[in-house]
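Hi everyone, thanks for coming. Please have a look at the chain on the screen, and I'll talk you through it.

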Amino acid sequence: MSATAAMILALAVGTYAFRLVGPVLHGRVELSSRVRELLSAGAIVLLVALLATGALTADGGFAGWARPAGVLVGGVLAWQRAPFVVVVLGAAGATAVLRAVGVA
């Protein structure tokens with residue numbers, strides 16, 4: 001077995017184990033409210049970090065101003081509880097318009 005196949009197999013087993021832990025431990029482990037708050041905050045921090053790296057970087061450098069502006073428009077639309085299709089089209093449209101007028 002090659003090293004690549006072994007790594008893929010290890011990742012598959014690990015992913016399955018993570019998915020299995022939830023149903024197996026449901027009702028057996030009680031988390032305090034403080035731990036729940038920390039887990040919630042941690043999830044938000046990870047999502048914001050993913051959003052920032054995806055919106056601000058491309059090919060190891062700054063992505064330009066059009067992409068972050070489109071993400072901002074999408075974020076505002078999502079915050080206003082717009083339908084998902086409107087959020088996606090609004091973000092893509094804002095980015096496209098900015099790129100069309102020459103904003104990189």
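Let's start with a term: helices (H or I, at least four residues) and strands (E, at least two) are DSSP runs, numbered from the N terminus. With that in hand, Val35 sits in helix H2.

Before I go on, a word on where this comes from. It's a predicted model, where local features need pLDDT of at least 70 and side-chain atom pairs count only at pLDDT 80 or more, while totals for chains, interfaces and linings use all residues. Residues are numbered from 1 along each chain as its sequence is written, and side-chain values use heavy atoms, with hydrogens and water left out.

So what does the chain contain? It has 4 helices and 2 strands, and along the sequence they run α-α-β-β-α-α.

How does the overall size look? The chain has a radius of gyration of 20 Å, whereas a compact globule of 104 residues would be near 13 Å. That radius is taken over C-alpha atoms, and the globule rule is 2.2 Å times the number of residues to the power 0.38. The C-alpha atoms fill a box of roughly 55 × 45 × 25 Å along the principal axes.

Now, burial. Buried means under 20% relative accessible area, exposed over 50%, and partly exposed in between (1.4 Å probe, protein chains only). Of the 104 residues, 11% count as buried. Val35, back in H2, is partly exposed at 34%. Ala17 belongs to helix H1 and is partly exposed too, with 37% relative accessibility.

Phe62 brings us to the aromatics. Rings of Phe, Tyr and Trp (its six-membered ring) pair if their centres lie within 6.5 Å; planes under 30 degrees apart count as stacked, over 60 as edge-to-face, and the rest as tilted. The structure holds 1 such pair. Why is it called edge-to-face? The ring centres of Phe62 and Trp65 are 5.1 Å apart and the planes are at 70 degrees, so the pair gets that label.

To recap, we have 4 helices and 2 strands, and an aromatic pair made by Phe62 and Trp65.
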